[in-house]
Structures are given as structure tokens and as C-alpha cells.
Amino acid sequence: MRIFPKKRIIFKVLIPVLMVACVFEQLVAPVSAAAYEPPYQTLKIGLYFGTTALPSANLQNVEGFGGGFEFGYFDSSRNFVPINVDTSENRITMLMDRNMTWYTGDGTSAGEYREGTNGDVVIGCFHIQLNTGYDSFAEAKSEASKYKNAFVRYQSGKFIALIGQYTSRDAANTAIESMELKGASINAGTSNTITISRTGTNTILFEFDMGQTPLGVMPKPKNNVKSETWFKGFRYTGGFQYARFEGMFITVINFVAIEDYIKGILPNEMGASWPLEALKAQACCARSYALSTLNRHNANGFDLCVTEHCQVYRGRNSTNERTDQAVEETVGKYITYDGNLCQTFYASSNGGASESVENVWNDPEPYLRGVVDPYEADIAPSISNYKWTIRYTQSQITERLRERGYNCSTIVSIVISKFTPTGNVLSITMTDSKGKKWGFSKRSELITALGVPTQRFSMGSASAQSGSIFVNNPTQKILPGPVFYAVGANGTPVEISEDNMSAITASGDVIVVEGEKETDTGDATGMENGVFTISGTGRGHLVGMSQWGAYSMALNYNKTYIEIIKFYFTGVDVG
């Protein structure tokens, strides 16, 4: 059963060198431009924010990779500005200036402070303030040392001494009277205040409030080794920012050098055992993608998050010598087109052909063109779930659409209504029992309708690549139809007419191609044995670089990382 007629043209002549006449597109590469210079050398990576923002956040020096912490803030150029306050404590917690109680971890998670007063270790948010502001921490610390349980607060450019931590204003007033502190007042913090404690205790080390300027914490190096810090089970380099946006829970941001950030991404995208050139291609893609999407989380106060929404970043947890080597050998290398930074998408595998971006999402880009990819086929058995099949009964697919808001009758047919030049599915048409047609196109709609992992699939027993050109014999396929294409420069397909096609022989003679056509109309419902059967290859959005394709290019064809990048991204420069 086939949805579309299958047309096959078999060349009758055997020729040593074959080209389809007048169809190879000559692509002119743009003039090489100066290397891209990022606006910053430090990225702001959101670790916890929004619905994941925290009431408290613990930090701990990795043993041998830090010796305490320094406090300050980050300026508009992302430089850490110290306020000459530090601590030798290697375990500290940043928390809201509210009544907070310590809860010990249950063995599966670390302890944390939560709002409340019911516990053995409680930090109160009402403090006695000695109303003298000092220009230096040392002066305020000297004043605070005269009292028990006193500490220093940095507020609007001044250092002030605070005494105690009480859970109510009345308790603080009672303490003022008992201590006969004339002129003292009560400080209960603001919606921006961050309290720093010795983790797991009710000892306050310092408080910080610069209004809309968040607290910055920088690990202090030890023995001239780059600092690393534990936070929520992950090891991070760089510094940290703590912000209470709109007076709510704490947003935690890692300020990390670009290359350290890429080192934290690479082992989560490719295994350390992968070919070095593939790892280097991935490093360049990850670096370029990060810098091309810096504005993605501006509203949250940082550049990028740590999930697949941006790129999976886990600090130093999974890094190793080989992935670090790939980053170090490509330091500062970005992918550009005509001098502009490229948004270098990548995905696991494309199933045999990548796709032009406008056929997946929206706006076209000259460097995001679909290319026929012969490399994945060599290692297809090694790719998990490379081939996949989805089946629906009529009632199942009908219910799926209804659950997604489509008021359809029973679906009786599903046909692929349009392919892309590289043989991927651009759109499908469903027809219900009342004859109403429902169209779905591009990635998001096809996922909604069918739940497919890629746009490279077929319906029933009909191939998504039906209608093909063959060279010399039916096993040497050039490129899928049903419209015919030739492969131009960089693997870019060029549409041609199947009528009056010619070939050029080795001697330069032009020969009209004689062919024969086969037609098999098959079952036009998209069913196989009464079930809608969808069969495909690949995993991901198909735009840009195939990670498994890069693996094969490096391992089986000795391609360099630059050759890999230029195959998947049309007309780009790397530098």
C-alpha cells in the first residue's frame, strides 16, 4: 500500500562520470570576516529562578579548591566588585531575612533553612541596630564586637552594627530595654536583604542590602588553584549572585567564564569516548549557540538557564580531560556567516537529512539549509532508537486530536501532503468521516498531531522518500522525491524537472536520459493492516548539526571539526 504513486527512473546508459546537466548550484562562500568578539567574557547562568527560586542556598568550598568566600557585587561589565568583607568559613548559606528554621537533610538531600520558628535552630529576622553608619567593615565590626551575637550589615554603601536575631519585634524591644541601648532601633531588613549564616547554625556572619543591586559571592582561591564550589550537588567554577526579585525567594545565578561554561556543557552533549574532532565541532556549536541566545532570559536577570531550553549545564560534575581538551583546542572559536554570529542548532540525529529552518520553525537563515546526510547510515545500528514506529487506531488518533482541541469526527485517512527538498515531511492532511480535512505542518503541529520525534517519516507502507532517481541500478539512489532534485554544493538540494533530463559523459557528450516509470497507487488512507502506521528515523528537530553524523564524519571519514561544521552549516566561517 502506498500513499503516492512511485516514479522510478532507471538510466539505460552506463557512463564513467555522471552529472545531471545544468543543475549543480554554485554557491559562493562569503568573504572571510574578522573573528567574532563576544560582548562579555563572563556568562550569567540561572541555576534556580522563578518557580524554582529558593528560601535559602548553601555554598561549600570543594576541598582543596577554595578557602572561604568574599562578598560584594557584580558591576554592569560582570566584574566582581569586593566590599572588603570575607569569611574563612567553607560552608555558608544565603537566606531571606525572615524567620528561618534549619531542617536537616534526610540523607538524600542536604539540609536547608525554611520559613518558620518551629525548630531547634532558628534565625530571627528582627535585629537591634546601633544607629551609626561606618565607611569600613572593620569599624563596624569593632563596634559589633562589644556585644554578644552581634554582626555587621552592609546597607546602601554603609556598614552598621546589628545585635541579635529575634523572632518578633516585641522580643527585640524587650532586649533593647534590658540592655539599656539608648538610641538603638529595630532593623527587620527589606525585601532585598540577604542574610549569610554559618550553614546549619543560627550564627549570622553578615547581611547585605544594596537595594536593587544583588549580593555577589566569590570563592577565595587556595594554593593558586582555580576555585570550585559545591551547590545543590554540582561543582561550579566562578562566582554567584543572589537576588530577591520583587521581594520573593532567592534567584541563584552562576557568573562563569565562557570557556568554563562550555566545558560544563560538552560532556552532557557528547561522551568522552567520542572522536576528538566531533567533540571540537560540538564545542564550537555550543559556544556559538550560547552567545547567539544571550537575551533569552533577560527578564529573569541572567543569560541562559541550565536545561535543554538553553543548553544542559552541570558545572564540573561530568567534565574530563578529553572534553576539556576539545574546548581548549577551540578556545574563542565561533561560527559566523557573513561576519555575523550564527545560531548553531544541533540535535542527536537527523535520520538521513537535516532540514532548512523555515520548514521546521519560521524565519529562514542562509546558513541553516537542509542537507542530505549520508554519514549517519554508517553508524545507524549504534544510535539508540534511530528507527521508530508509532501506531494509532482510528479511535486513538481521533481521541488524540480531540484532547488537543480539534472538534473532529472519526479520522479515516492520514496522508503526507508535502515533502521538503531533502525528503522530510513538511505537512500532512487528515480527513474525518464527514469529509472535513485537517492540515498540520512543520515540527510543532506534526508533534501535536502525531507525536513524531522527527519530520523524517512515512505513513503506512508508503515511503516518505517515494519517487526517486537511481544511478545505473536501482540500489544507487541519488536523492528522494516525489519532486526530483540534484545534490548541489555543500549537499544542498536543487529542484529539477524529471522531463528531458540529461547526463554528461566523461567525454563531455550530453545524453538525454531514457527512463521507465512505475506506478503503485496503493492505499491512500495511510493505514497498514487497518492501523495508521508511522515509521521514521532520527531524533530531534533536524536543524543544523547531527551529533551522530559528526561522530561518523570524524570516526569513519577523518573529517576535521571545521569540515564537519561547514557540512552542516552552509557557507559559514569558523574562527
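Visitor: Which residue is the bridge partner of I45 in strand 21?
Guide: L304 is the partner of I45 there. Strand 2 and strand 21 are joined by two bridges and run parallel. Strands here are DSSP runs of E, at least two residues long, and helices are runs of H or I, at least four long, numbered from the N terminus. Two strands pair if DSSP finds at least two bridges between them.

Visitor: What sort of model is this?
Guide: It is a predicted model, where local features need pLDDT of at least 70 and side-chain atom pairs count only at pLDDT 80 or more, while totals for chains, interfaces and linings use all residues. Residues are numbered from 1 along each chain as its sequence is written, and side-chain values use heavy atoms, leaving out hydrogens and water.

Visitor: Back to strand 2. How does it pair with strand 20?
Guide: In the antiparallel sense, over six bridges. K44 stands opposite F255 in strand 20.

Visitor: How many residues of strand 2 are buried?
Guide: Five of its seven, so strand 2 is mostly covered; buried means under 20% relative accessible area, exposed over 50%, partly exposed in between, with a 1.4 Å probe and protein chains only.

Visitor: What is the strand order in that open sheet of seven strands?
Guide: The order is 5-4-16-19-20-2-21, with mixed pairing. Strand 5 (80-87) and strand 21 (304-305) stand at the edges with a single partner strand each, so one side of each has no neighbour in the sheet.

Visitor: And strand 4 with strand 16, parallel or antiparallel?
Guide: Antiparallel, with four bridges between them. G72 faces G216 of strand 16.

Visitor: Which strands does helix 3 lie across?
Guide: Helix 3 (residues 258-269) lies across strand 2, strand 20 and strand 21. It runs at about 110 degrees to strand 20. Such angles, from 0 to 180 degrees, are between N-to-C directions of lines fitted to C-alpha atoms, for helices over the stretch in contact.

Visitor: New topic: helix 5. Which residues are buried there?
Guide: T323, D324, A326 and V327. They cover an arc of only 155 degrees around the axis, which puts them on the same side of helix 5. The arc is that of the directions from the helix axis to the C-beta atoms.

Visitor: What do those buried residues of helix 5 pack against?
Guide: Helix 3 and helix 4. Contact means heavy atoms within 4.5 Å.

Visitor: What caps the N-terminal end of helix 5?
Guide: N320 does. One of its side-chain oxygens lies 3.1 Å from the backbone nitrogen of R322. A polar contact is a pair of N or O atoms within 3.5 Å; within protein, one must be able to donate a hydrogen and the other to accept it, and residues adjacent in sequence count only if both atoms are side-chain atoms.

Visitor: Now T101. Buried or exposed?
Guide: T101 is buried, at a relative accessible area of 1%. It sits in strand 7 (residues 100-103).

Visitor: Which backbone oxygen does its side chain reach?
Guide: The side chain of T101 reaches that of G116, at 2.7 Å. A polar atom of the T101 side chain also lies 3.5 Å from the backbone nitrogen of T117.

Visitor: How many aromatic pairs does the structure hold?
Guide: It holds 27. Rings of Phe, Tyr and Trp (its six-membered ring) pair if their centres lie within 6.5 Å; planes under 30 degrees apart count as stacked, over 60 as edge-to-face, and the rest as tilted. F137 and F159 form an edge-to-face pair, 6.1 Å centre to centre with 75 degrees between the planes. F137 lies in helix 1 and F159 in strand 12, so the pair ties together parts 22 residues apart in sequence.

Visitor: What about W274 and W548?
Guide: They form a tilted pair, at 4.6 Å centre to centre and 50 degrees between the planes. W274 is in the loop between helix 3 and helix 4, and W548 is in helix 8, 274 residues apart. W274 is buried at 11%, and W548 is buried at 17%.
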